[in-house]
Amino acid sequence: QVTKQYNNDLFGKKILVTAGPTIERIDAVRYLTNNSTGRMGYAIAEAAQLRGADVTLVSGPVQLKVPNNVRFVQIESAAEMFEAVTTRMNQDIIIKAAAVADYTIERQHGKMKKKDEDFTLTLNRTQDILKYLGEHKTTQYLAGFAAETEQVETYARGKLVKKNADVIIANNVGDTSIGFKSDQNAVEMFFKNGASRKIEKMPKLEIAHEILTSIKQDMHVR
Ligand code: CTP
Ligand code: CA
């Protein structure tokens, strides 16, 4: 197994990973969500655990097996994820791979009935969990993701600053051969000190190991 070579290098490190989409319920049978499968976050949780870390995985609804020996917290909405993460901030590393809804909606009771007229949904902004963590962190190393379809570096660096993260891991979701639904991924990491690192297309578990290794190195120099 590839993980042998890492020799428990994250032993004792407390790592919290968020993964998957959130779902925002509209009524008893309808909801708003997105394309995230959770695979990248689950791969990071698995890789970290295999390297000896004490891993907590906070996950939205996905069709994946929970990695062995991780603390698992199931959530549904962005508000529930906010609560689950902010009450577990005592970590060495927090990696926010989840695709959190930017908007929620006031839930209607029962199943809504259709009418003849058009219908307008009013969406309300959710809290930005990563930004909150950036504003309240003490010694935690904070890693965010950025899903972009264009101007990847500009937007990723913008998020790095706005959210006070230590690194933003950018996913080009416009490239349909990789990303969300694929087993493979390619990412670029943008660090606070201005450095960046491209990780070429490879299976998500290998990407996860590369991300963790880069974070570990960056923690020593930051
Ligand atoms: N994020 C979060 N809470 C939210 C929205 C996003 O913690 N309510 C986190 C994501 O988990 C990710 C990072 O912020 O780590 C960037 O998410 P992304 O959707 O790419 O960026 P946004 O800041 O939401 O901006 P936009 O969707 O407009 O690109
Ligand atoms: Ca967003």
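Trainee: Good. What kind of model is this, and how is it numbered?

Mentor: It is a predicted model, in which local features need pLDDT of at least 70, side-chain atom pairs count only at pLDDT 80 or more, and totals for chains, interfaces and linings use all residues. Residues are numbered from 1 along each chain as its sequence is written, while chains are lettered from A and ligands numbered from 1 in the order in which they are written.

Trainee: What pLDDT does the protein average?

Mentor: The average is 94, and 96% of the residues score at least 70, on a confidence scale from 0 to 100 for each residue. For the complex, the predictor gives an ipTM of 0.99 and a pTM of 0.95.

Trainee: Back to Asn 164: where does it lie, and what is its phi?

Mentor: Asn 164 sits in the loop between α4 and β10; helices (H or I, at least four residues) and strands (E, at least two) are DSSP runs, numbered from the N terminus. Its phi is near 50 degrees, a positive value in a residue other than glycine. Asn 7, in the segment before β1 (14-19), has a phi near 55 degrees, also positive.

Trainee: Is Asn 7 buried or exposed?

Mentor: Exposed, because Asn 7 has 10 other C-beta atoms within 10 Å.

Trainee: What makes Lys 163 buried?

Mentor: Lys 163 has 20 other C-beta atoms within 10 Å, so it is buried. Leaving out residues up to four places away in sequence, Lys 163 touches Leu 130, Lys 131, Gly 134 and Gly 144; contact asks that C-beta atoms, placed from the backbone, lie within 7 Å.

Trainee: Which residues does the UniProt annotation "binding site" cover?

Mentor: According to that unreviewed entry, Asp 102, Lys 111, Phe 145, Lys 159 and Lys 163; such annotations may be inferred rather than shown by experiment.

Trainee: How do you know that they do not all gather at one spot?

Mentor: The farthest two C-alpha atoms are 37.7 Å apart, so the annotated residues, which span 62 residues in sequence, do not all gather at one spot.

Trainee: What surrounds ligand 1?

Mentor: There are 14 residues around ligand 1, the closest being Lys 96, Val 100, Ile 129, Leu 130 and Gly 144; a residue counts as near if its C-beta atom, placed from the backbone, lies within 6 Å. Both α3 (129-136) and β9 give two or more residues to this shell, and β9 gives the most, with 4.

Trainee: How do you know that the span of α5 is close to the expected one?

Mentor: The expected span is 1.5 Å times one less than the number of residues. Helix α5 (residues 204-221) has 18 residues and reaches 26 Å from its first C-alpha to its last, close to the 26 Å expected. Its buried residues include Ile 207, Ile 211 and Ile 215.

Trainee: What makes Met 189 buried?

Mentor: With 20 other C-beta atoms within 10 Å, Met 189 is buried. Met 189 lies in strand β11 and touches, among others, Ile 211 and Ser 214.

Key
pLDDT = per-residue confidence, 0-100. Buried ≥ 20, exposed ≤ 12 C-beta atoms within 10 Å, placed from the backbone. Contact = placed C-beta atoms within 7 Å.
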